[in-house]
Amino acid sequence: MGVQNSHEAGLDEKAVIAAAERALSDIAVIRKEVSKAIFGQESVVEQTMLAVLSGGHALLVGVPGLAKTKLVVTLGTVLGLASSRIQFTPDLMPSDILGSEVMDQDENGKRSFRFVPGPIFTQLLMADEINRASPRTQSALLQAMQEYHVTVAGARNDLPKPFHVLATQNPLEQEGTYPLPEAQLDRFLLQVDVDYPELAAERQILLETTGVSETRAEAAISAERLVEIQTLIRQMPVSEKVLDAILSLVRSARPGNGIASTDKHVAWGPGPRAGQAMMLCARARALYEGRLAPSVDDVLALAEPVLQHRMALTFAARAEGMSVRDVIADLVRQAGG
């Protein structure tokens, strides 16, 4: 699939390899700059980066104080993206995100409407505590995430390119929140679980962040260069073996496909968008780790962040104390075996 794409784009294999090697050096610089501000949390940084390199959105789930906001701000700086932040609250209205029309009057007394863009008109949008906003506001963000434009007063307004939403969610405090609908969860390429840092990383956090000055990350690439890398990732070749592994894993997570444990524990499984996410992120992961083509190991490593927000367990499975992660881990073991 990727090979045909590269030829369609007028690039031969040598040109793709040369472009990939240049991207590898850029990604190495990006990783180095991010590590100046974010200590430890390698898998969180990697998965969030994979979502952005793949051209998608990510949902960061974790308790407060684990540097989710700092990670988004750092990525905006390092990737050369214009960024903005919206703190979601129950009284937030769609116009607070999208923008609104205001009436202007010129010197001749003629009145006209002018669109004033909201904070969504940026390249990297941080949606902080996204589940605190009402469904009406969430649906306004949904159109932007899927279609990359917003409609205000019947007029289409295109968003900047690239456009990424990195949303955060607190899994503990569920009072006064509006759980994200499945349709919106599916728009997130990955769900990134943010856990507590390791001891060594936490020691470094205490030493580095409580002094007079903090080390700051600097821009490693421009927004235009990021778009080039995103295009390159879509041109990377994917072998039949990897393609089959993606299809097999995604389909095994759906009831009715002959997997007894899935039929027993899963109420509904991932749709085709999960396979698309896996294809893109497997390529991005290969490039992120210095390889020119994805492997089956990339697919298995991405199973949890790609699938966990696209599945729901049966009541019986939840009553037994099972989690979606347990089911995915079991599927990965079967696929790996």
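Me: Which strand pairs with β1 in the parallel sense over 4 bridges?
Reply: Happy to start there, keeping in mind that this is a predicted model. Strand β1 covers residues 58-61. Within this pairing, L59 stands opposite Q191. The 4 parallel bridges join β1 to β9.

Me: What is the strand order of the open sheet?
Reply: The sheet is open and has 5 strands, with parallel pairing. From one strand to the next, the twist averages 20°. Read across, the order is β2-β5-β8-β1-β9.

Me: Which strands stand at the edges of the sheet?
Reply: Look for strands with a single partner, because one side of such a strand is left without a neighbour in the sheet. That applies to residues 83-87 and to residues 190-193. The edge strands are therefore β2 and β9.

Me: Which helix lies across β1, β8 and β9?
Reply: In this group, β8 spans residues 164-169. The helix in question runs at about 165° to β9 and is made of residues 42-53. Its name is α3.

Me: At about what angle does α4 run to β5?
Reply: Helix α4 takes in residues 68-78 and lies across β1, β2, β5 and β8. Strand β5 itself is residues 124-128. The angle between α4 and β5 is about 170°.

Me: How is the lining of the largest cavity divided into nonpolar, polar and charged residues?
Reply: A search of the whole structure finds 2 cavities of 30 Å³ or more, and the largest holds about 50 Å³ of space. Its lining is made up of I38, Q41, V44, V45, L66, A67, K68, L71 and V194, with α3 and α4 each supplying at least two residues. The division is 7 nonpolar, 1 polar and 1 charged.

Me: How many charged residues line the second largest cavity?
Reply: This cavity has a volume of about 30 Å³, and its lining consists of K36, A37, F39, K70, E208, T209, E214 and T215. Two elements give two or more residues to it, α2 (13-37) and α8 (199-209). Besides 2 nonpolar and 2 polar residues, the lining has a charged group numbering 4.

Me: Which element gives the most to the lining of the largest pocket?
Reply: About 760 Å³ of space lies in this pocket. Of its 31 lining residues, the closest to the centre are S54, G55, Y148, R234 and L280. Helices α6 (135-147), α9 (223-235) and α12 (272-288) each give two or more residues. The one that gives the most, with 8 residues, is α12.

Me: Which residues of the second largest pocket are the closest to its centre?
Reply: The second largest pocket has a volume of about 430 Å³. Elements giving two or more residues to its lining are β1, α7 (182-185) and α16 (324-336), and the lining divides into 9 nonpolar, 5 polar and 2 charged. Of the 16 lining residues, the closest to the centre are Q169, L185, Q191, Q308 and H309.

Me: How far apart are the end C-alpha atoms of residues 263-330?
Reply: UniProt lists this stretch as "domain: ChlI/MoxR AAA lid", in an unreviewed entry. In the model, the chain here is 63% helix and 7% strand. The end C-alpha atoms are apart by 13 Å.

Terms used
Residues numbered from 1 in each chain as written. Predicted model: local features only at pLDDT ≥ 70, side-chain atom pairs only at ≥ 80, totals over all residues. Heavy atoms only, no water. Pairing = 2+ DSSP bridges. Axes fitted to C-alpha atoms, helices over the stretch in contact; angles between N-to-C directions. Contact = heavy atoms within 4.5 Å. 1 Å grid on protein atoms, 1.4 Å probe; cavity = no way out; pocket = protein on both sides within 12 Å on 5 of 7 lines; lining within 4 Å. Points joined across faces, edges and corners; volume = space filled by probe spheres on them. Nonpolar A, V, L, I, M, F, W, Y, C, P; charged D, E, K, R; others polar. UniProt positions renumbered as here; feature names shortened; annotations may be inferred.
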